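Trainee: Please take one theme, the contacts between side chains, and go through it closely.

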Amino acid sequence: LHLERVARLARILALELAREGPYASDVNDEFVDALVQAAPMHDIGKVGIPDDILTKPGALTDEEFQIMKTHTDIGRRVLSRALDSARPVPLLQTCIDIVHCHHERWDGRGYPRRIVGEEIPLAARVIALVDAYDAIRSQRRYKDAKSHEQAVEIISSEAGHHFDPALVEAFLRCHEQFDEIRTLHADKLDSPVTITM
């Protein structure tokens, strides 16, 4: 469900970007379609991460986190093998941009390349925000889920740091739709348990 939610949330945010703001002229139907199709690929590089790290119930050690961070380069390498410069496929390039750069930060403190601001592909900046929203709202083995209101507060506080400020502004205009998607497509772990006698 996480991958489906990320794709749905990416569409909502992209359509809001197309409606107004500095990226309105950059976000056309082709961009939105490619973004939505590519979004579920964002963590494909995790196929190269050992299961004991992926399934660890607690916080990762520094060494384990360094290994986890390599999933962005693993994914880029896997997908780049399909690139053909003689016959470029825009969707594949969008997938590579997202896979490689969705953990970069607006302030340059992300990974793997520590690129800054608009050096980060727009599609990757969108996925960074929607993936973070879904992660904040999701229960994991090592953390409890937070409320929609808490997620909005966290994302707002990261404008200009983790996230592109223009994307945060767009998110704040459409965040109720994020909550609707998250509620409609909740993980079973996230749903309250009802016990009947």
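Mentor: We start with salt bridges, then turn to aromatic rings, and end with one histidine. This is a predicted model, so local features need pLDDT of at least 70, side-chain atom pairs count only at pLDDT 80 or more, and totals for chains, interfaces and linings use all residues. Residues are numbered from 1 along each chain as its sequence is written, and side-chain values use heavy atoms, leaving out hydrogens and water.

A salt bridge puts a side-chain nitrogen of Lys or Arg within 4 Å of a carboxyl oxygen of Asp or Glu. The whole structure holds 16 of them. Take Glu20 and Arg173: their closest N and O atoms are 3.9 Å apart. Glu20 sits in the loop between helix H1 (2-19) and helix H2 (29-38), Arg173 in helix H9, 153 residues apart, so this pair links distant parts of the chain. Helices are DSSP runs (H or I, at least four residues), as are strands (E, at least two), numbered from the N terminus. Glu20 is partly exposed at 35% relative accessible area, and Arg173 is partly exposed at 31%. Here buried means under 20%, exposed over 50%, and partly exposed in between (1.4 Å probe, protein chains only).

Next, Arg105 meets Asp107 at 2.8 Å, N to O. Arg105 is buried at 14%, whereas Asp107 is partly exposed at 26%.

Asp164 pairs with Arg125 at 2.7 Å. Asp164 lies in the loop between helix H8 (148-157) and H9, and Arg125 in helix H7, 39 residues apart. Both residues, Asp164 and Arg125, are buried. Back to Glu20: shared partners join Glu16, Arg19, Glu20 and Arg173 into one network.

Now the rings. Those of Phe, Tyr and Trp (its six-membered ring) pair if their centres lie within 6.5 Å; planes under 30 degrees apart are stacked, over 60 edge-to-face, the rest tilted. By that rule there are four aromatic pairs. Phe65 and Tyr111 have centres 6.1 Å apart and planes at 85 degrees, so they are edge-to-face. Phe65 is in helix H4, and Tyr111 in the loop between H6 and helix H7 (122-137), 46 residues apart. Phe65 is partly exposed at 37%, but Tyr111 is buried at 13%. Tyr133, Phe171 and Phe178 form one aromatic cluster.

Last, His185. His185 is buried, at 17%. Leaving aside residues up to four places away in sequence, His185 touches Leu1, Glu4, Arg5 and Arg8. Contact means heavy atoms within 4.5 Å.
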